[in-house]
Amino acid sequence: MTATRSGPDRNEHLLAILRNRVPEVTLVFWIIKVLSTTTGETFADFLNSTLGFGLTGTTIAMGLLLVALLIAEFSVRRYTPPLFWSVVVVISIFGTLVTDNLTDGLGVPLWISTVVFAVLMGGTFAIWYARERTLSIHSIYTRRREGFYWVVVLFTFALGTAAGDFIGEALGLGYWLSLALFVGLIAAIAVAWRLGLNSVFCFWAAYVLTRPLGASLGDLLSSPKSDGGLGLGTTVTSVTFLVAIVALVIYLTVKVRAERRAAETIEDDLPDLVDAV
């Protein structure tokens with residue numbers, strides 16, 4: 001894989017393998033992201049309703065777990081698939097719960113939550129760019145950049161939940177139409193990227209939209225047939241998607257280790273680039 005690259009592109013790719021704190025954006029990345037968002041929707045409902053933790057209890061438990069995982073994530077020196085994707089799954093659950101607390105607990109309208117989280121996300125992007133001069137996830141070599149990354153990710157999940165619920169429920173589109181809408185929007189972004197639209201913008205736009213896409217998929221699978229769903233329930237849906245995530249993370253762990261072994265054999269080629277970051 002690395003042997004086919006040359007010059008700066010090759011060096012940047014090797015540096016990403018050796019130093020980046022987040023994964024490369026591949027098809028597997030997007031699959032796990034959608035699976036994680038679906039799990040975030042169904043597992044939050046499972047803890048809240050099925051196990052009877054309640055909204056407050058579930059939020060506190062997931063918040064504490066997220067803090068513990070983030071501490072572990074910032075303690076490692078580079079991307080570690082099991083730890084990284086554990087944070088993504090839990091932050092997807094917590095982001096869902098943040099919006100649910102505003103909507104169900106405080107009665108905040110969905111459109112207001114959508115606007116607020118969009119503003120917060122935009123503000124974080126502005127500060128991130130002002131400090132780092134880049135928003136690309138291909139250059140997250142420092143903990144400060146990773147900190148910005150996780151704040152944005154949390155807001156994308158909260159924003160995606162609010163926007164998805166607003167479109168799917170407030171506008172009454174239902175599960176199937178909501179799912180088709182978000183698939184279509186993501187496909188349109190992919191086409192725009194292929195035609196030359198800014199790759200960083202396209203990445204984050206798609207990242208936000210995978211949240212309501214995953215939520216729509218989770219609701220469709222878990223909701224009773226009488227409500228228009230497929231009736232699998234939150235337990236079956238959550239377990240199925242978690243098993244799929246674990247399998248893909250194992251695959252990534254093996255793949256990343258192999259890539260790093262190959263890259264480390266020629267790491268001496270990169271002193272200037274490494275020093276630059």
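At what angle do the axes of helix α2 and helix α9 cross? Roughly 145°. This is a predicted model.

**The α2/α9 pair**

Two packed helices are described by the angle between their axes and the distance between the axes. Here, helix α2 covers residues 27-50 and helix α9 covers residues 233-264. Their axes come within 8 Å. The crossing of α2 and α9 is left-handed.

Residues on the α2 side of the contact include V28, I31, I32, L35, F43 and F46.

**Salt bridges**

The model has four salt bridges. One of them joins R21 and E146, with the closest N and O atoms 2.5 Å apart. R21 lies in the loop between α1 and α2, and E146 lies in helix α6, so the pair ties together parts that are 125 residues apart in sequence.

**Around L70**

L70 sits in helix α3, residues 54-75. Leaving out residues up to four places away in sequence, L70 touches V87 and W150. L70 and F84 are 14 residues apart in sequence. In space, their C-alpha atoms are 8.8 Å apart.

Separations for two residue pairs:

| L70 and F84 | 8.8 Å, C-alpha to C-alpha | 14 residues |

**A nonpolar surface patch**

Which residues form a nonpolar patch on the surface? They are W111, I112, V115, V116, V119 and L120. Together they have about 520 Å² of accessible area. W111 belongs to helix α5, residues 110-132.

Notes
Residues are numbered from 1 along each chain as its sequence is written. This is a predicted model: local features need pLDDT of at least 70, side-chain atom pairs count only at pLDDT 80 or more; totals for chains, interfaces and linings use all residues. Side-chain values use heavy atoms; hydrogens and water are left out. Axes are lines fitted to C-alpha atoms, for helices over the stretch in contact, and angles run from 0 to 180 degrees between N-to-C directions. Helices (H or I, at least four residues) and strands (E, at least two) are DSSP runs, numbered from the N terminus. A crossing is left-handed if the near helix is turned anticlockwise from the far one by less than a right angle, and right-handed if clockwise. Contact means heavy atoms within 4.5 Å. Patches are made of residues with over 30% relative accessible area and no salt bridge: like charges are joined within 9 Å, nonpolar side chains (Val, Leu, Ile, Met, Phe, Trp, Tyr) within 5 Å. Accessible areas come from the Shrake-Rupley method with a 1.4 Å probe; for residues, only the protein chains shown count as cover. A salt bridge is a side-chain nitrogen of Lys or Arg within 4 Å of a carboxyl oxygen of Asp or Glu.
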